[in-house]
Amino acid sequence: MSTEMHSPRIDARRSDRCLASIMIAFALGALWFSKDMSIMGSIFPRAVAIMVLIFSVALLVRAFVSRPTLPVAEPGSVGRRLGLIAVLLVWGLSLRWLGFIASSLLCAGALVWLAHYHAWTLKRVMAYALVLIAIIAFFYTLFAVVLNVPLPVGDLWRAP
Amino acid sequence: MEILGFMADALSPINLLLAVLGVAAGIVIGALPGLSATMAVAVLVPVTFGMPTEMALIMLGAIYTGAIYGGSYAAILINTPGTPSAIATTFDGYPMARRGDGDLAVTLSTLSSVIGGLVGAVALLTLAPLLAQIALKFGPVEYFWLAIFGLTMISALSEGSILKGFIGAGFGLLLSTVGVSVIGADIRYTFGSQFLLGGVEIISALIGLYCVPVLIDLVATPSAHLKPPEQKRGMRLAEGVGLMCKGKFNALRSSVIGVVVAIMPGAGGSIASLVSYSEARRASPHSERFGHGEPDGVIATETTNNAVVGGGFIPTFVLGIPGTPPDAVILGALLVQGFRTGPEMFTTNAQVTYTFIGGLFIATLVMLPLGLLIGRYAFKSIVSIPKALLVPSIAFMTIIGTYAIRNNPFDVVVMVVLGVLGWVLSRYGIKPSPIVLGLILGPIAEQGFVQGYLMGNASGSVMAIFFGRPLSLAIIALILISVAYPLWRAGRGRSSKEAAHEH
Amino acid sequence: MRKTTQLKTTRLGVLVAGMLTTLALSGPAVAESVESYPSQNVQYIIPFGPGGESDISARMQQQYFEEITSQQLIIQYMPGGGGAVGWSQLNGMDADGYTIMGTNLPHIILKPMGKDPGFKTQDLKNFFFFHYSPDALIVRNDSPYKTLEDFIAAAKEAPGSITVSGSGTQSANDIANRRLESLADIKTTYIPFKGTGASVTALLGGQVAAEWGYTTVAANHHDKVRMLAVASEKRHPLFPDVPTFQELGYDMTGGAYRGMAVPKDTPEDVTMKLSNIFSQINANPEFRQKMKELGFVLIDVPYPEVEEFMAKQQAAYEKVARDMGIID
């Protein structure tokens with residue numbers, strides 16, 4: 001903790017207020033949706049939601065009365081970050097439809113492109129493609145054949 | 001000395017070979033995020049049907065030991081706990097790897113796992129019947145207090161604001177209530193989705209919360225994932241042994257914590273290693289270095305999670321109650337083989353039991369050379385692979401691993417969403433560890449509380465149930481100490497701050 | 001299967017139609033002659049975690065399945081929601097006979113009665129029920145209750161003060177407890193735990209006075225516990241000294257039944273063949289002996305009789321559920 005004190009920090013008043021408001025909304029939501037649960041089922045989530053509510057209000061108050069700080073976030077390309085998130089989401093959502101192999105080749109390929117910072121040469125493209133296919137083939141064999149995991153074939157490829 | 005004879009049976013060439021194979025397979029499976037020790041053991045069970053019982057058990061024990069150890073690779077090298085027991089290994093292992101000490105971290109984890117495994121096996125050999133009785137003393141109320149004790153670790157795990165740590169833990173606790181509740185059979189917070197009925201799967205949450213943020217930050221810059229070592233060097237074994245010698249009390253304490261927590265059937269390896277991590281931090285003179293690549297942190301968690309292996313077998317063998325999920329699978333395999341657990345395990349079936357314990361010792365020792373060897377390759381390949389291939393490879397492993405946990409594509413979506421959420425929250429100052437702590441402790445706290453409340457109503461006094469039992473009081477005392485100690489220490493630390501700054 | 005489907009992908013029309021039906025249930029499987037079935041490994045999905053009774057009894061079958069068919073039965077786990085996660089997805093899986101799933105009674109009847117768990121009882125195409133574990137009221141060896149009468153007398157004396165553990169709410173155990181409560185006119189405190197393992201632990205540790213479990217639990221912990229009564233029609237061969245509830249004047253029989261289901265579009269002949277394979281396993285003397293030693297009671301409900309069996313169970317549990325107030 002003490003080493004973090006030395007790293008550059010930024011004013012966190014706005015971000016703390018924002019976080020606290022979201023968490024207050026979240027806790028209220030948790031309370032609201034517990035209304036038709038049985039007593040045994042609702043006692044715990046309600047107690048926790050109230051706790052979150054109290055802590056969040058405290059955070060909100062603190063963000064107004066004092067000057068909290070946060071360590072500066074890691075710098076880097078926002079576009080690539082968002083791109084990675086999008087690819088991962090597509091990957092997860094498409095497993096069922098495209099099947100494991102198609103969806104993995106597609107998304108893994110997209111990630112190679114996203115994570116590469118140098119110029120592309122034909123040789124490099126070929127080499128990366130081969131290595132990537134080898135990695136996917138290896139893990140596919142390990143999971144599907146050795147470990148008997150029924151990986152999704154893909155609804156798209158099935159007979160209607 | 002009959003026992004030693006039985007244990008020596010484990011030394012036959014074929015058994016040794018099985019131990020080596022089991023450990024190697026376990027390391028590989030454990031190192032892959034999502035493939036837990038439970039799964040490694042479950043996959044092996046049908047293979048063991050055709051084998052004599054001793055061989056089957058040796059191989060199961062070996063793969064379990066190897067998988068728990070293998071979990072540390074992913075934790076150290078890509079910040080992803082390969083198994084839940086390795087959560088706390090990420091705290092210091094990954095920072096070590098980032099600054100270029102990944103090889104040292106892997107070596108330390110190997111040495112620690114061997115020591116922890118040996119202590120666990122010794123406990124199983126010598127103290128099993130005694131310790132099993134302690135396991136039974138833990139009722140719902142004790143588990144509730146234990147969970148609360150676990151929540152006090154938030155202060156140790158949340159870097160920066162403790163207030164935000166508590167909010168994060170509350171978030172995790174609420175996440176843990178999603179799905180069909182055990183008590184009351186309510187369907188909670190599923191919003192009509194049948195996929196959420198099963199709740200948030202803990203391992204997919206771990207992968208999401210720890211690994212996805214790493215990926216997100218990995219693509220954002222062209223700099224290398226881990227700092228490569230300056231020159232060619234081995235696995236820094238001598239340095240590792242030196243650190244282990246310095247941390248011997250830490251290792252011993254962590255092993256004992258591992259054994260003790262493992263014998264409680266409701267807890268498990270993840271909680272054991274978190275407890276020993278926070279204890280190591282509390283006891284260390286350099287507690288401020290924890291979380292920034294302190295070797296003692298790796299030593300603590302890795303000794304603990306392998307001590308859990310031997311410790312977990314204690315209730316499994318003595319009481320027929322599995323201490324950890326992989327034990328449940330091994331217990332099932334035993335029943336299918338026609339073996340009854342209970343006192344017979346140490347009388348009529350003594351030969352099988354002691355050969356198994358002997359096998360556990362051997363598997364643990366085999367882990368040393370095998371681990372150093374495989375660890376070296378794992379480290380080298382992660383360091384040398386270009387980023388453009390590393391990112392899709394890690395992403396691929398997280399996706400396939402998450403899917404494989406319960407063959408459910410929806411878990412993959414949950415993993416990604418939680419990962420993105422975790423990354424956003426960490427930008428606001430809420431770290432993933434308190435959230436994970438809430439997720440793990442939530443069910444224990446909730447069930448313990450409601451069951452205790454029902455028991456209290458039946459006996460006429462809820463207060464007496466929660467505050468009147470000796471074991472509960474002991475845990476409550478621990479809670480008070482762990483809350484008060486940092487405050488006391490902070491007070492003392494302020495007066496000697498100048499001295500601390502000279503490091 | 002995979003080969004044939006890949007051939008089909010070349011046809012664009014199929015592909016488009018496939019896209020349109022992606023969310024719909026899977027279509028009927030590619031025809032395969034029944035004689036050659038099974039020509040590859042069969043996936044056996046257990047909708048619970050490893051190590052429980054469903055897992056153990058499936059593991060017992062696994063060995064003999066391979067002896068009969070020379071194909072492997074591969075056990076997969078799909079835990080969550082007390083089985084609901086698996087059952088709600090069963091009908092979306094490949095309906096070619098190579099995917100089967102364990103089903104449990106009364107779970108598959110009781111769950112859809114409350115809130116919607118994502119599946120309906122009649123949507124599950126059960127093809128065989130192979131055993132049941134009779135309900136049993138279990139106490140520790142050192143318990144003051146020597147007989148069921150002792151237990152009932154104690155409960156009458158201090159209503160609600162006797163604690164009984166069991167697995168889950170609105171589960172087989174919960175129902176057994178409520179049935180005994182109404183038959184004997186007593187009041188106890190039922191404490192739900194996560195799974196039979198945790199509920200036995202509570203009994204062994206003295207946290208509760210008694211446990212609702214099964215004969216299997218008593219068989220597994222025979223050195224530490226004894227049963228007051230079992231809810232089967234006849235005494236269990238492993239426990240000839242333990243009376244049944246009926247003998248003691250309480251008309252209750254029941255327990256946890258285990259069977260298997262296939263996705264609903266699985267061809268009839270394949271389903272029938274599966275039923276035959278599993279009744280062959282049930283007939284194996286070695287299998288019977290092992291199952292008996294673990295405390296299970298084997299039953300044979302082959303595919304043609306499943307409908308009648310389910311109707312009977314449905315009626316019985318509907319009555320119980322009405323008494324319990326799960327449905328009105």
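Chain A is built from 6 helices and 2 strands; here helices (H or I, at least four residues) and strands (E, at least two) are DSSP runs, numbered from the N terminus. This is a predicted model, in which local features need pLDDT of at least 70 and side-chain atom pairs count only at pLDDT 80 or more, while totals for chains, interfaces and linings use all residues. Residues are numbered from 1 along each chain as its sequence is written, and chains are lettered from A and ligands numbered from 1 in the order in which they are written.

**Chain A: order and overall form**

- Along the principal axes, the C-alpha atoms of chain A fill a box of roughly 60 × 50 × 30 Å.
- Of the 160 residues in chain A, 31% count as buried (20 or more other C-beta atoms lie within 10 Å of the residue's own, with C-beta atoms placed from the backbone).
- Take the contacts in chain A between residues at least 6 apart in sequence: 76% of them join residues at least 24 apart. Two residues are in contact if their C-beta atoms, placed from the backbone, lie within 7 Å.

**Chain A: domains**

- Chain A is assigned domain 1 (2–71) and domain 2 (78–157); such bounds come from an automatic or database domain assignment.
- The centres of domain 1 and domain 2 of chain A, taken over C-alpha atoms, are separated by 37 Å.

**Where chain A meets chain B**

- On this interface, 61 residues of chain A are in contact with 54 residues of chain B.
- Helices H1 (2–6), H2 (13–32), H3 (39–65), H4 (78–98), H5 (100–115) and H6 (122–146) of chain A each give two or more residues to the side that touches chain B.
- H3(A) provides the largest share of that side, with 13 residues.
- The side of chain A that touches chain B has 44 nonpolar, 12 polar and 5 charged residues. Ala, Val, Leu, Ile, Met, Phe, Trp, Tyr, Cys and Pro count as nonpolar, Asp, Glu, Lys and Arg as charged, and the others, Gly among them, as polar.

**Chain C: two domains in contact**

- Chain C is assigned domain 1 (34–132 + 255–324) and domain 2 (134–230).
- In chain C, 16 residues of domain 1 are in contact with 16 residues of domain 2.
- H12(C) gives the largest share of the side of domain 1 that touches domain 2, 3 residues.

Notes. A residue is buried if 20 or more other C-beta atoms lie within 10 Å of its own, exposed if 12 or fewer, and partly exposed in between; C-beta atoms are placed from the backbone.
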